[in-house]
Amino acid sequence: MTDRERRGREPWGNPGFLLWRVTLRWQRAVAGALRPLGLTHPQFVVLAGAWWLGRDGRPPSQRELAEHAGMDAMTTSQVARTLEAKRLLRREQDQRDTRVRRLLVTPEGRGLAARAVEAVESVDRDYFGAVPDGPAFVDALLSLAPPDPGER
């Protein structure tokens, strides 16, 4: 029996199990990089996502950000409120639709987002640097979780 066949009968041959372990290790590394910046991983995702989606001058709605990040709307709203309390972003009512909240990253939030993105990208380089073919790995991940057609 080959190593691959043997693994196929154990958790080490199960892609779901392996993805779980890889994800947990990566999340721990990201959390460690964000801790000195005073951000949790969900706060980073909301702050960096709002910063990224708002780069064209049109602040994203909470719903747009939730869809972009793959987070549920309630979690996105709760995290955005926390970031608002930290004065890293503002939640403002849309001028055309009063049900919509737009997320505007403050100057302090932009500075922190830039530093946090650098920290997380450094973790990514270190952590995923062991992958033999990075572009093929990204392609494989995109095949499992492609962006929605309307994502900007």
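Because the model is predicted, local features need pLDDT of at least 70 and side-chain atom pairs count only at pLDDT 80 or more, while totals for chains, interfaces and linings use all residues. Residues are numbered from 1 along each chain as its sequence is written, and side-chain values use heavy atoms, with hydrogens and water left out.

So, the overall picture. The protein chain has 7 helices and 2 strands; those are DSSP runs, H or I of at least four residues for helices and E of at least two for strands, numbered from the N terminus. Reading from the N terminus, you get α-α-α-α-α-β-β-α-α. The C-alpha atoms fill a box of roughly 65 × 35 × 25 Å along the principal axes. Of the 152 residues, 26% are buried, where buried means under 20% relative accessible area, exposed over 50%, and partly exposed in between, with a 1.4 Å probe and protein chains only.

Now, helix 3. It covers residues 41-53, so to speak 13 residues, and spans 18 Å from first C-alpha to last, close to the 18 Å expected at 1.5 Å a residue; the expected span is 1.5 Å times one less than the number of residues. Its buried residues include His41, Phe44, Leu47, Ala48 and Leu53. What do the buried residues of helix 3 pack against? Helix 2 (15-34), helix 4 (62-69), helix 5 (73-85), strand 1 (89-93), strand 2 (101-105) and helix 6 (107-128).

Let's stay with helix 6. The axes of helix 3 and helix 6 come within 9 Å and cross at roughly 110°; axes here are lines fitted to C-alpha atoms, for helices over the stretch in contact, with angles from 0 to 180 degrees between N-to-C directions. That makes the pair roughly perpendicular, a label for 65 to 115 degrees, with under 35 roughly parallel, over 145 roughly antiparallel and the rest oblique. On the helix 3 side, the contact (heavy atoms within 4.5 Å) is made by Phe44, Leu47, Ala48 and Trp51. Helix 6 contributes residues including Gly109, Arg110, Leu112 and Val120.

One last stop: arginine 87, in the loop between helix 5 and strand 1. Phi there is near 65°, a positive value in a residue other than glycine. Buried or exposed, this arginine 87? Exposed, with a relative accessible area of 65%.
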